[in-house]
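Please open the model in a viewer and keep the selection panel at hand. The tour moves from one selection to the next.

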Amino acid sequence: MHGLVNRSVQSFISDNHGTDVWTGICRDAGIGFDQFEPMLTYESEIIESVLGAACARLKRNRAGLLEDIGTYLVTRPDLDAVRRLLRFGGETFGEFLHSLDDLRDRATLALPGLDFPELELREHTHGNYTLIYRWEQRGFGALALGILRAMADDYGALVFLDHTPGRDDTGDVDQVSIRLLDSDFAQAREFTLGQGR
Amino acid sequence: MAARSGMSATNRRAYRNGPVLGKIGLDRLMPMHLWVGPTGHILRVGPTLQKLCPGMAIVGRRMTEFLEIRRPRGIQLMPDLLARDGAAAQVLLRHDPQVSLKGLIIALPRDQGAILNLAPGISVTELVQKFDLKNKDFAPNDPTVEMLYLIEAQTAILEESKSLNNRLQVARVAAEEQAFTDTLTGLKNRRALDHLLARVTDGGEGRKFGLMHVDLDYFKSVNDTHGHAAGDHVLQTAARIFVQETRAEDIVARTGGDEFVLVLMNCDNTATLNRIAARIIERLEQPIRFGGATCRISASIGTTVSSLYRNPDAAQLCNDADIALYQSKDRGRACFTLFSPD
């Protein structure tokens, strides 16, 4: 697992529950350290142990915790990069949804070696979509759901999302049904192409 | 492709005339174009190029009043421009010379003038920032937005890599400070010696040991004459000799550039210690070869023993061995001296 994910889990728990809780979770998980480096790669077992210990200590289910971490990744004010890079996908939430087909390619172009889920958008009738999510890493669909939810808010769109986890022998194959009720529901967060460094 | 004989009359006619884009098509395909009529006046300006000139009426001006063609050189009049059909151009906007654009000159058929299709080139990030350009300001098949995405992603990644490197560097320095080994010779370092000596002297009067302070003679001239690589080799050779001349339970430490401390456990017999010191000097004086060079060194040694003290103290012992060492130096080097409390 790329350290970016591990580091997000660390930041989310430290920011929301304090560093004592985080170091306690790492101790419970028995991983022998409590600082993840976002530019390094870690064995998948490590994040699994951490998530297991976090769910136990925080008394939360995995999907709910991961969804919150996904939302946190986009809304963290001190880390605008993720939100901004996703907003490059398009000027409206509809355009953004269509850009998800290319997100894996974009992400690996930016960071070669990044292990990233494959996304495929199917548009049914206007405003009704299904997002197919495939990843060998099992159990992370809820993270994508949290990111999607936060991005809808970022665009000021009102959406209804319904997540159905699934799997085949290659890994997870989740479906998220998306109903775009109003793409101009609220004020979008500011985004201009040129405001990044 | 040549017109096929199987074409319908309508297709043949369309093919002969060539495609007619229309003004809107032109805007979409080339949002930064400038259409210059046969008299040299601007007939149309693409919407993104207009965005770089806020509030400015461009249509109707002479092209040469609006922009300066830096390359190709010498374009003043319309025939000059038409003659450079297909050439790459570099232009500056006269009202805002900061804006440098690259482009392509296309001469149009049937006396329609020319199109100058412009693009931001390398200054794209500044232009996007300055004029708040958006996705729709670029043709969808133009990779500019993807390029901006990549620049931003790479910048974020570079920042992250830099801070990782800093953290690793800090960790490395901390680890080196905590290390007990001298990386060049593999001997114990000063820190390790302090720890071990404290433990040995804590043993009280019961522990017997000898402490030798060894300083290599003529080492500086090896470094100066044959270089640092030769110097390093000499230090490694000396370290090997110290290890071979002592036992596993003894302590051998490098405490400075060419200074070493040997602690010989369960040995306060001065005759034995002198014999060891003599042997060490004898072996160090053997020529040491490095590449084509032959390095010659020796050593001065000062020794003290635990039985001289009622309560052996590490600092005191080191200090006394040092005094003895300097007596050896004063006696002309390459010899050993036993510390005497008098």
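This is a predicted model: local features need pLDDT of at least 70, side-chain atom pairs count only at pLDDT 80 or more; totals for chains, interfaces and linings use all residues.

Residues are numbered from 1 along each chain as its sequence is written, chains are lettered from A and ligands numbered from 1 in the order in which they are written, and side-chain values use heavy atoms, with hydrogens and water left out.

**Chain A**

Select chain A, which has eight helices and five strands; helices (H or I, at least four residues) and strands (E, at least two) are DSSP runs, numbered from the N terminus. The order of elements from the N terminus is α-α-α-α-α-α-α-β-β-α-β-β-β. Of the 197 residues in chain A, 50% are buried, that is, under 20% relative accessible area with a 1.4 Å probe and protein chains only.

**The largest pocket**

Next, select Leu4(A), Leu73(A), Leu79(A), Val82(A) and Leu85(A), which lie nearest the centre of the largest pocket among its 48 lining residues. On a 1 Å grid over the protein atoms alone, a pocket is an open set of points with protein on both sides within 12 Å along at least five of seven lines, a cavity is a set where a 1.4 Å probe fits but cannot get out, and lining residues have an atom within 4 Å of a point. The volume of the largest pocket is about 1,300 Å³; a volume is the space filled by probe spheres set on the points, with grid points joined across faces, edges and corners.

The lining comprises 33 nonpolar, five polar and ten charged residues, where Ala, Val, Leu, Ile, Met, Phe, Trp, Tyr, Cys and Pro count as nonpolar, Asp, Glu, Lys and Arg as charged, and the others, Gly among them, as polar.

**The second largest pocket**

Move to Pro19(B), Val20(B), Leu21(B), Leu108(B) and Gln112(B), nearest the centre of a pocket lined by 17 residues. This second largest pocket has a volume of about 470 Å³. Both α2 (22-29) and β5 (96-107) of chain B supply at least two lining residues each, and α2(B) gives the largest share, three residues.

**The cavities**

How many cavities of 30 Å³ or more does a search of the whole structure find? There are two. For the largest cavity, select its lining: Gly40(B), Arg62(B), Met63(B), Thr64(B), Ile75(B), Gln76(B), Leu77(B), Met78(B) and Leu81(B). Its volume is about 70 Å³.

The second largest cavity holds about 50 Å³ of space. Its lining includes Leu85(A), Phe88(A), Arg106(A) and Tyr149(B). By class, seven of its lining residues are nonpolar, two polar and one charged.

**A surface patch**

Finally, select Leu158(A), Phe160(A), Leu181(A) and Phe185(A), which make a nonpolar surface patch of about 390 Å². Leu181(A) belongs to strand β5 (residues 171-182) of chain A.

Note on methods. Patches are made of residues with over 30% relative accessible area and no salt bridge: like charges are joined within 9 Å, nonpolar side chains (Val, Leu, Ile, Met, Phe, Trp, Tyr) within 5 Å. Accessible areas come from the Shrake-Rupley method with a 1.4 Å probe; for residues, only the protein chains shown count as cover. A salt bridge is a side-chain nitrogen of Lys or Arg within 4 Å of a carboxyl oxygen of Asp or Glu.
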